[in-house]
Amino acid sequence: MKPAKKAMLAKVALATGIGFASLSAHAVSYPVPAYDIEAGKAIVEVNCAACHGMNGVSTAPAQPNLGGQNIKYIYKQLVDFKNKTRRNGIMEAQLVGLTQQDLANLAGYYSNQAPWTPGYGNKATAAEAAKLYLGGDKTRGVIPCAGCHDPKGNGNAWAAFPRLGGQHASYLATQLKLFRAAGREDEVGSDMEVRTNDAIKKGEKGMMQMVASRLSDRDIKILSEYLSAVH
């Protein structure tokens, strides 16, 4: 077997359960410091509520719900925005002047809010999307999303894999397209137009880039609509 093919099979095995512990351990990159929920609330009122809501339920489909999201995931994304590892102009501007402790307080506040409720999805494509989400498509090398994000979209709090069930379909679709652009190494105008996640080894593509690179526009649409109703 060629080395490149062997390496890809190893990565797929990791995502589908074989060697899952090592992948999960790698994902826990930033231990969350002790946090103060009330201090986090004060920051949310000034910096975050306009887009994400005081209770973590966004009224704008382009902005993610954060209430009840796992704390390790929220904290890691905030640190990544702060370090410009994950790029978004609005988020970077909002985090100017905030300390690592502030980020922990923010993550602690939102993670302790009541989880958002699911939407309605698309009944016409729900069965097709469920098959892709739960079982993948081996003919195209698409692995099941549920392996990391849970059959009901609850994520994996220990591994810092986010809860996706009930999230806004518009937001999910945008993120999948950003991951896809990074995975396919599309020509883009700036690093604001791609999204990456941690790879097992430096210099390699992360799991989300590899998975999303195999998704069509239709895949992304039906998966996003399906996830908006999963709970």
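Visitor: Why does Y120 count as exposed?
Guide: Its relative accessibility is 80%. The cut-off for exposed is over 50%, so Y120 counts as exposed. Keep in mind that this is a predicted model.

Visitor: Where is Y120 found?
Guide: Y120 is in the loop between helix 6 and helix 7, residues 126-135.

Visitor: What does Y120 touch, leaving out residues up to four places away in sequence?
Guide: Y120 touches S228 and A229. Take S228: 108 residues separate it from Y120 along the chain, yet their C-alpha atoms are 6.8 Å apart.

Visitor: What makes up the chain as a whole?
Guide: The chain has 11 helices and zero strands. Of its 231 residues, 45% are buried. Among contacts with a separation of 6 or more, 70% join residues 24 or more positions apart.

Visitor: How do you know that helix 4 has close to its expected reach?
Guide: Helix 4 runs over residues 71-83, which makes 13 residues. From first C-alpha to last it reaches 18 Å, and the expected value at 1.5 Å a residue is 18 Å. Helix 6, with 12 residues, reaches 16 Å against an expected 16 Å.

Visitor: Which residues of helix 4 are buried?
Guide: They are Y73, I74, Y75, K76, Q77, L78, V79, D80 and F81. Each has under 20% relative accessible area, because that is the cut-off for buried. Just after helix 4, K84 takes a positive phi of about 65°.

Visitor: What makes helix 6 largely enclosed?
Guide: Count its residues: 10 of the 12 are buried, so helix 6 is largely enclosed by the rest of the structure. The buried ones are D102, L103, A104, N105, L106, A107, G108, Y109, Y110 and S111. They pack against helix 3 (37-52), helix 4 and helix 5.

Visitor: How is the packing of two helices described?
Guide: By the angle between their axes and the distance between the axes. For helix 4 and helix 6 (residues 100-111), the angle is about 145° and the axes are 9 Å apart. Helix 4 passes helix 6 in a right-handed crossing.

Visitor: Which residues make that contact between helix 4 and helix 6?
Guide: Helix 4 brings I71, I74, Y75, L78, V79 and K82. Helix 6 brings Q100, L103, A104, L106, A107, G108, Y110 and S111. By class, the contact has 10 nonpolar, three polar and one charged residues.

Visitor: Why is E92 called buried?
Guide: E92 has 12% relative accessibility. Buried means under 20%, so E92 counts as buried. E92 lies in helix 5. Leaving out residues up to four places away in sequence, E92 touches F81, K84, R86, R87 and M192.

Visitor: Why is the pair D191 and R87 called a salt bridge?
Guide: Their side chains meet at 3.1 Å, N to O. The cut-off is 4 Å, so the pair qualifies. The bridge links distant parts of the chain, 104 residues apart. D191 sits in the loop between helix 9 (169-184) and helix 10 (207-212), and R87 in the loop between helix 4 and helix 5 (89-95). D191 has a relative accessible area of 41% and is partly exposed.

Visitor: What makes R140 and D219 a salt bridge?
Guide: The N to O value is 2.6 Å. That is within 4 Å, so the pair is a salt bridge.

Visitor: Are R140 and D219 buried, exposed or partly exposed?
Guide: R140 counts as partly exposed at 31%. D219 counts as buried at 7%.

Visitor: How do you know that K205 and E185 tie together separate parts of the sequence?
Guide: Their side chains meet in a salt bridge at 2.9 Å, N to O. Both residues are in the loop between helix 9 and helix 10, so the pair ties together parts 20 residues apart in sequence. K205 is partly exposed at 29%, while E185 is exposed at 60%.

Notes: Residues numbered from 1 in each chain as written. Heavy atoms only, no water. Helix = DSSP H or I, 4+ residues; strand = E, 2+ residues; numbered from the N terminus. Expected span 1.5 Å × (residues − 1). Buried < 20%, exposed > 50% of the residue type's maximum accessible area, 1.4 Å probe, protein only. Axes fitted to C-alpha atoms, helices over the stretch in contact; angles between N-to-C directions. Left-handed = near helix turned anticlockwise from the far one by under 90°. Contact = heavy atoms within 4.5 Å. Nonpolar A, V, L, I, M, F, W, Y, C, P; charged D, E, K, R; others polar.
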